[in-house]
Every structure is written in C-alpha cells, then in structure tokens.
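Trainee: Could you show me how to read nonpolar cores and aromatic pairs in a model such as this one?

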Amino acid sequence: MLRTATIADLNSIMEIEESLFPMHVRSSRSSILRSIQSSNQKVLVLELDSVIVGCVILFQYSKSYRIYSIGILSSYQGLGHGKNIMNQIIELANENKVNLILEVEITNLSAISFYKSFGFTTILS
C-alpha cells in the first residue's frame, strides 16, 4: 500500500536511501524529516506486510510535481513495485492537473529506461 510517510517511517526511508544512492546524491536524515513535515513536499512510502520497501519524495509546485527521489529496496526490485508507485504518482498528478517532472543522472541508464517506459522524454540541460 502506498501511503503518506510519517516521522515514524524515517529510519526505514533512510535505510532505502543509504542502500540505493551514493553519498553525494542521497538525502540526509534532516532533509527527509523536513520533507515529511513540509506542506510543499509529499513523501510516500510503499508498505508490504508491515515492511517499508519503497519511497518517493515529491516537490509540489503550483503547476507541477517534481519527483525528487524514488527507490525500492534491492530485494523487492523487479517485482513491479516501482511501476506501481509510478502509476500512482502519474494518477495523482493527473487528478491535480499538474505536470510531472524529474531529473536523472545521465549515466543512470536503467532509471532513464524506466522513466521512458512511462512516456517521459529526455531533455538535456
């Protein structure tokens, strides 16, 4: 189930961040805490059998949502959970009539391929 994160989820979200992202791009504990408490950001977690296996951080702007971070624990990858999260984020953006944007490191070819499968296009800046 995808749900809004609470402060009680902070350790699980940090576990996901630390296991998936290199230090130079990973969110800090204080940054995630601010995101959970912010009215301009939305932190969602994917919980399966009382285990948080994925999370996404969205920045909410007036005309768009920006996917800041999305991740699924390695042991749960390849099972459709990332697709499930993306479909729900896309639905949320459509319901709120906002665009959905994101950034990916140009070397992260698997992430680029994943996002392209949802119709995202590459814009180099």
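Mentor: Phe114, Tyr115, Phe118 and Phe120 form one aromatic cluster. This is a predicted model, in which local features need pLDDT of at least 70, side-chain atom pairs count only at pLDDT 80 or more, and totals for chains, interfaces and linings use all residues. Residues are numbered from 1 along each chain as its sequence is written, and side-chain values use heavy atoms, leaving out hydrogens and water.

Trainee: How many aromatic pairs does the structure hold?

Mentor: Rings of Phe, Tyr and Trp (its six-membered ring) pair if their centres lie within 6.5 Å, with planes under 30 degrees apart counted as stacked, over 60 as edge-to-face and the rest as tilted. The structure holds four such pairs. Phenylalanine 59 and tyrosine 68 are stacked, at 4.8 Å centre to centre and 10° between the planes. The pair of phenylalanine 114 and phenylalanine 118 is edge-to-face, because the ring centres are 5.1 Å apart and the planes stand at 70°.

Trainee: Is phenylalanine 59 buried or exposed?

Mentor: Buried means under 20% relative accessible area, exposed over 50%, and partly exposed in between (1.4 Å probe, protein chains only). Phenylalanine 59 is buried, because its relative accessible area is 17%, whereas tyrosine 68, at 34%, counts as partly exposed.

Trainee: Which residues have the most contacts inside the largest nonpolar core?

Mentor: A nonpolar core is a set of buried Ala, Val, Leu, Ile, Met, Phe, Trp, Tyr and Cys residues joined through side-chain atoms within 4.5 Å. The largest has 19 residues, and those with the most contacts inside it are Val56, Ile67, Ile70, Ile85, Met86, Ile89 and Leu100. Apart from it lies another core, of 14 residues, among them Ala5, Met14, Ile36 and Ile52.
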